[in-house]
Amino acid sequence: MRSTVDKFEAVMRFVNKTSGGEAISMAQTDQTSSQVAAAGTTSEEARQILDRLASRFSCRDFDHSPMDPDLLAAIVADGVQAPSSCNQQNWHFIIVTEPEAKRRATEIAGGNPHFETCSALIYLCFQKGWTHGNFSIVQSVAAACYHMMLSAHLRGYACIWNAGIGDHAALHDMLDLPSTFELQGALAIGTPRPTAPQMKAPRRPLEEVMSFGTFSRPDHAVYPAKPAKAYPYFEIGNASNPFAEWDPTRWSWDQIADFRGYSVWAKSPLAGVYVSRRQGDAQGVEHSLLPPTAHDVVEVMPWGGTSTVALDAALSVDAHLHVAELAQPNLDFIRERLKQEGVVRKALSFDLMAGGKLPYADQSMDLVVLPQVLEHVPDPEALLDDVKRILRPGGHVVLSSRNMSSAYGAHWRDVESVGQVPNQGPFTPIEASSLGDLVKARFEIEVACGIGREATGDAERLDGDDAETGRLFALRARRT
């Protein structure tokens, strides 16, 4: 019998056969697959192959380089070996490689800059009508897409599967797609840039997502929903979900940690990407409240770390910046974000605040920053008490919160909270006056302001009588 390494290399030689652009026929695929199967696969060989497949990761940072059309066709040929409901194969895959078309795809998506920089977009389509009540055609296209992803990965390319592709009507026009066909998503394929993050998003422990015989799942991995007799599937969507629980006091710390820790990977830790200009402008006002000097600084729950990048630029070079988050995946993501953004601070720590407790000694910090955090937590008062505990006498807290008593608060009640809880986790805006009272009970407020007169889109600073009417309410307070 051939050695494990020899057999694995034989399989990989077959997989890589078309990496130079040589297409293969269906008959050749079937024949070679049969030869591999006939040779037999040991558990060790299977593990090697499966580990190679499991190393695939999503990439959003490509180098613009082209791919041979025959190679792209071979990847799709691999994909259509996936199972198809009733074997009807009512799927269709449109390969887009022209630079102008990819730029248009990026515009229609309203983001997704990787649509323009990838080598090819493969739009995933299907003929409408054959769903059989169980989304079987959708499942079939998804299976084919993942098969293509594995094919691309084994050939040395990276990819990312995108459900958010933008306005379908505009895409139908761009692709000349008949109205009897539906778009399901797009697969972006290409070569990663040398500086692209080489990180696979974390996977849950198997015991959280698998059970034998009956349903069993840890409490922290089952998220709250408003009580109801039933939860009809077609009544639940991103824009409208009457069962979504936005009140963080109905969530445990562990549930919020779990939710935020995995969903942060819906973003990518790329320099200058996934950072809204409005957020950046608001952060500029928030950071204008920072005290002149602070050596030991904690930023609490920055989620993806875009605020951390801005805070790093605002602090003195000799300050020790601590990043405190609820889940290790958040800290891993933020660490990579700062690396991609070129943050080189000498004193930088990433600290886990399990159960919402700040992992620092009493009176050990000069400054604590909470960027739109209190509205996200199960117990704002307990967190403020903990902030007071770790601050030295004379130390400061700088915080901001979405303000319920503002135009944004009305927008949140009427529009945002009607939909699904966002990836950052559940939150409910706090009345500016109530937040002021919570802070006054523990600290001496030195300055307060509002940020943003409109419900969305501006970051005007509001002082005096207008301070409590801003989209955000921000302040600096001192521990006496």
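Contact, in these legends, means heavy atoms within 4.5 Å. The structure shown is a predicted model.

View 1. Phe-62 is located in the loop that joins α3 (43-54) and α4 (69-79). With a relative accessibility of 1%, Phe-62 is classed as buried, because the term applies under 20%. When neighbours within four places in sequence are set aside, the residues in contact with Phe-62 are His-114, Thr-117, Cys-118, Ala-158, Cys-159, Ala-188, Ile-189, Gly-190, Thr-191, Pro-192 and Arg-193. Ser-151 lies 89 residues from Phe-62 along the chain, and the C-alpha atoms of the two are 18 Å apart.

**View 2. His-114 in helix α6.** His-114 belongs to helix α6, which covers residues 114-117. The relative accessibility of His-114 is 1%, and His-114 is therefore counted as buried. Apart from neighbours within four places in sequence, His-114 has contacts with Arg-60, Phe-62, Ile-160, Asn-162, Ala-188 and Tyr-274.

**View 3. The four-stranded open sheet.** Four strands form an open sheet in the order β1-β2-β4-β3, and their pairing is antiparallel. The edge positions are taken by β1 (91-96) and β3 (158-162); each has a single partner strand, so one side of each has no neighbour in the sheet. From one strand to the next, the twist averages 25°. Five bridges connect β3 with strand β4 (residues 181-190) in the antiparallel sense. Cys-159 has Ile-189 of β4 as its bridge partner. Helix α7 (residues 136-154) packs on this sheet and touches β1, β2 (120-127), β3 and β4, with a direction at about 10° to that of β4.

**View 4. Packing of helices α5 and α8.** A pair of packed helices is described by the angle and the distance between the two axes. For helix α5 (residues 99-109) and helix α8 (residues 168-175), the axes come within 10 Å and cross at roughly 170°. The two helices are therefore roughly antiparallel. On the α5 side, the contact involves Ala-101, Arg-104, Ala-105 and Ile-108; on the α8 side, it involves Ala-170, Leu-171 and Met-174. By residue class, this contact comprises six nonpolar residues, no polar residues and one charged residue.

View 5. Eight strands make up an open sheet of mixed pairing, in the order β7-β6-β5-β8-β9-β12-β10-β11. At its edges are β7 (348-352) and β11 (461-462), each with a single partner strand, so one side of each lacks a neighbour in the sheet. Strand β6 (residues 320-325) runs parallel to β7, and five bridges join the two. Within this pair, Val-323 is opposite Phe-350 of β7. Helix α13 (residues 328-340) lies across β6 and β7 and runs at about 160° to β7. Helix α14 (residues 380-390) also packs on the sheet, where it touches β5 (296-300), β8 (365-371) and β9 (391-402), and its direction makes about 150° with that of β9.

**View 6. Strand β12 and its two partners.** Six of the seven residues of β12 are buried, and the strand is thus mostly covered. Seven bridges pair β9 with β12 in the antiparallel sense, and Ser-401 has Phe-473 of β12 as its bridge partner. Strand β10 (residues 444-451) is likewise joined to β12 by seven bridges and runs antiparallel to it. In that pairing, Ile-445 is opposite Ala-477 of β12.

**View 7. The largest nonpolar core.** The largest nonpolar core contains 43 residues, of which Val-300, Leu-358, Leu-370 and Leu-399 touch the most other members. At least two residues of this core come from each of α10 (253-263), β5, β8, α14, β9, α15 (407-414), α16 (432-440) and β12 (472-478). Leu-370, leaving out residues up to four places away in sequence, touches Val-300, Leu-383, Val-387, Val-397, Val-398, Leu-399 and Ser-400.

**View 8. Val-439 in helix α16.** Val-439 is part of helix α16. Its relative accessible area is 1%, and Val-439 is buried. Excluding residues up to four places away in sequence, Val-439 touches Leu-399, Ile-445, Leu-475 and Ala-477.

Methods
Residues numbered from 1 in each chain as written. Predicted model: local features only at pLDDT ≥ 70, side-chain atom pairs only at ≥ 80, totals over all residues. Heavy atoms only, no water. Pairing = 2+ DSSP bridges. Axes fitted to C-alpha atoms, helices over the stretch in contact; angles between N-to-C directions. Core = buried A, V, L, I, M, F, W, Y, C linked by side-chain atoms within 4.5 Å. Buried < 20%, exposed > 50% of the residue type's maximum accessible area, 1.4 Å probe, protein only. Parallel < 35°, antiparallel > 145°, perpendicular 65-115°, else oblique. Nonpolar A, V, L, I, M, F, W, Y, C, P; charged D, E, K, R; others polar.
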